[in-house]
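Q: I have a model open and want to go through it piece by piece. Can you take my questions as they come?

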Amino acid sequence: MSVVVLAPTVFFVTFLAASRGYLQGWQRMTPTAVSQIVEQIFRVITMIVLADLLLPWGLDYAAAGASLGALAGAVTGLMVLVYFHMKLNKEIEFKYGANLQPTAQSASESTISIIKRIFVLALPVSAASIMLPVVSNLDLMIVPQRLEVAGYSVRQATELFGYLNGMAVPLINLATILTASLAVSIVPAISEARALKQTDRIYNQTAAAVRISNFVCFPAFVVVFFLATPISSLIYNAPGAGPAVMISAVSIILLGLHQVSTGVLQGLGHTTIPMVNMILAAASKVFLNWHLTALPAFGIMGAAWATAADMGVAAFINLYFIHKYIGYKMELGQLFKTICAAGVMAVVVKFFYELTMAEWHIEVISTFGAVFVGCAVYIAAVALFGGMRKEDMQQIPMIGRIAVKILSKIGIFK
């Protein structure tokens, strides 16, 4: 019954996805964000209300009522996008006139040709998305089994795998929210520059995206690496997850690079390359999982290293192809300055945490205090070392413009 009531949702989700893609093509990212928030709010409310109302009829009806939340979310999300479409159309009419027509130089293209191009671009992107759950399932099959080979009991192996997959991985994903947003927003920007044959703009946008990724991911790495055990204790009440979380922190920097480089290649129209790279990276992860996790000296940390290698292989192959197509090389001087700023932050974070813990013995204050003080020192150090440009910082989602205003007031940026 739950599957039956989900069927109408497919109809609306197709329009929802296409509409978001169209608006993102105009570099309008706000409609996607707002519609997703509205969609989730109405989905959850409908799910809870209908499940509660239909529970007296039986669990089948209650589950079906909960599944109807997906339909309510999709419909309300689509209604939000309709508003943004109307707003965009007014902007287009105001800028170009009501009778917008193709120019004489525009080449006509048949509907079949357009659909074919969409499939050629979309299928590799979809296949790359499918790789994520595939790799997770491979981890589930390999890691616990190899932990038993390393000498752990079934219960211990299951617990250790839970530390990695259920605690460390979500923290890594949380730390790369900003770079994930950046990767989505850079696709239409690069695509537009490519269509206009603005090679300098493509290069500059790619360089800025990589600088922003490093700027955001290095402090996140420092926080998770040096505060792995207290963060695991505070969030999960599982200090035993500390070693897995600490090693997984390396994945933050590499995942950020992978996300951004994938966005650049997709914007350039080379959607197949990231998919193939993910397959190669997954193969390396399986190989390392099989060998490292079975070593008693590594255990679950071997699986964490394998995850980092997975992200690293995919990221660096992506960067190779970006260099091949647009000639971009990572700015080592800029990277060195960012690493130095992260090193200063690491010293401050470790010193602040240990000092406050010795004085007050309150882990919450010590942990969050170390994070806030460390981030403030990092931003100041990056600005002083010249590791981040004002224009780059302004492009960082959510926090960029606020940071620029604060740094401008204290005289670091002019």
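This is a predicted model: local features need pLDDT of at least 70, side-chain atom pairs count only at pLDDT 80 or more; totals for chains, interfaces and linings use all residues.

Q: Which residues of α8 are buried?
A: Helix α8 covers residues 228-236, and its buried residues are Ala-228, Pro-230, Ile-231, Ser-232 and Ser-233. Buried means under 20% relative accessible area, exposed over 50%, and partly exposed in between, with a 1.4 Å probe and protein chains only.

Q: What do they pack against?
A: The buried residues of α8 pack against α5 (154-175), α7 (199-226), α9 (242-248), α13 (332-360) and α14 (363-385). A contact is heavy atoms within 4.5 Å.

Q: Switching to His-258. Which helix is it in?
A: His-258 is in α10, residues 250-267.

Q: Buried or exposed?
A: His-258 is buried, because its relative accessible area is 9%.

Q: And what does His-258 touch?
A: Leaving out residues up to four places away in sequence, His-258 touches Met-278, Met-311, Ala-314, Ala-315 and Asn-318.

Q: Now α2. What should it span, and what does it span?
A: Helix α2 (residues 30-54) has 25 residues, which at 1.5 Å a residue should span 36 Å; its end C-alpha atoms are 36 Å apart, so the two agree. The expected span is 1.5 Å times one less than the number of residues.

Q: Which of its residues are buried, and against what?
A: In α2, Pro-31, Thr-32, Ser-35, Val-38, Glu-39 and Thr-46 are buried. The buried residues of α2 pack against α1 (2-25) and α3 (59-96).

Q: Zooming out, how many helices and strands in the chain?
A: The chain has 16 helices and zero strands. Helices (H or I, at least four residues) and strands (E, at least two) are DSSP runs, numbered from the N terminus.

Q: How compact is the chain?
A: Its radius of gyration is 24 Å, close to the 22 Å that the globule rule gives for 414 residues, so the chain is as compact as a globular protein of that length. That radius is taken over C-alpha atoms, and the rule is 2.2 Å times the number of residues to the power 0.38.

Q: How much of it is buried?
A: Of the 414 residues, 42% count as buried.

Notes: Residues are numbered from 1 along each chain as its sequence is written. Side-chain values use heavy atoms; hydrogens and water are left out.
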